[in-house]
Amino acid sequence: MHRTGPIAFAGNAMTSTTSPPSEKIQPLLRSVRPSDAEALCAIFNMPGFRWGTLRMPFEMVEQVARRIAKSGPETTWIVAELDGKVVGHGSLVVQGSPRRSHIGEINIGLDDAFVGKGIGSAILGALLDVADNWRALKRVELTVYADNEAALRLYKSHGFEVEGRHVKAGFTDGQYHDLLSMARLRF
C-alpha cells in the first residue's frame, strides 16, 4: 500500500506527499517558545501531519505547553516561521545515559500546507548542524514508516541509512504498518 500525506514527523514517524516539486522556501528557524504551544498544537492535529505519526488525535494545547516547559538541556527544539507564522518544528534529543550520550534522536513536523517546499530539509539540516558542530554527536537516529518514500528520500539525502525494519510496529487508519529505523553515523 502506498500512503500519501504531508511531510510530518513527530514521535519518530514521518509522512509525506508525492506532490510535484515546488519552489523552495527558506524559513526563519528559531528556538521554540512557550507561546508557540497553540500553533504547534494546531499543526499536530492536522490530518496529514497526524496520519503518518505515532501520535494520538485531538492533542490539547496544554499537553504541548507541558512538553515545551519540560524540555531541558538535552533537547534542541526549533520552529520554522514564515511571515511570523509557525509552519513547522523539529527537535533533537540527546540520550541521557552516559553510555549513550553520543546519540541523538530527530523528530520533525510541518503544517500540511507547507509540505514539499524545502522547509523539512531546512529544519533537518539545522538540527544536524547542532548535532555535529555543537553537541559532537556521533549517531543521530529516527524512525519512519517503511512506505514513506518522500521521507526516505529526504533522510537519505542527509546521510541517513536504513538499519532495520520493525514489522507491523505502527498503527494508522486501522492498519498496521512497518517502521524503519534509520541512523546517520559520524565516527
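**Exercise 1. Work out whether Phe 44 and Phe 49 are buried or exposed, and how their rings are arranged.**

Start with the surface. In this predicted model, Phe 44 and Phe 49 are both buried. Next, look at the rings. To describe an aromatic pair, you use the distance between the centres and the angle between the planes. By the pairing rule there are 3 aromatic pairs. One of them is Phe 44 with Phe 49, at 5.4 Å centre to centre and 25° between the planes. Planes under 30 degrees apart count as stacked, so this pair is stacked.

**Exercise 2. Classify the pair Phe 171 and Tyr 176, then say how exposed each residue is.**

Geometry first: the ring centres are 4.6 Å apart and the planes sit at 55°. That angle makes the pair tilted, because stacked needs under 30 degrees and edge-to-face over 60. Now the surface: Phe 171 has 48% relative accessibility, so it is partly exposed. Tyr 176 comes in at 52%, so Tyr 176 is exposed. The cut-off for exposed is over 50%.

**Exercise 3. Find which arginines lie over the rings of Phe 44 and Phe 58.**

Take Phe 44 again: Arg 55 lies over its face, 3.9 Å from the ring centre. Then go to Phe 58, where the charged end of Arg 50 sits over the ring at 5.9 Å from the centre.

**Exercise 4. Sketch the whole chain: what are its elements, and how much is buried?**

Count the elements: 5 helices and 9 strands. Finally, of the 187 residues, 49% are buried.

Note on methods:
Residues numbered from 1 in each chain as written. Predicted model: local features only at pLDDT ≥ 70, side-chain atom pairs only at ≥ 80, totals over all residues. Heavy atoms only, no water. Phe/Tyr/Trp six-rings, centres within 6.5 Å; stacked < 30°, edge-to-face > 60°. Buried < 20%, exposed > 50% of the residue type's maximum accessible area, 1.4 Å probe, protein only. Lys NZ or Arg CZ within 6 Å of the ring centre and 35° of its normal. Helix = DSSP H or I, 4+ residues; strand = E, 2+ residues; numbered from the N terminus.
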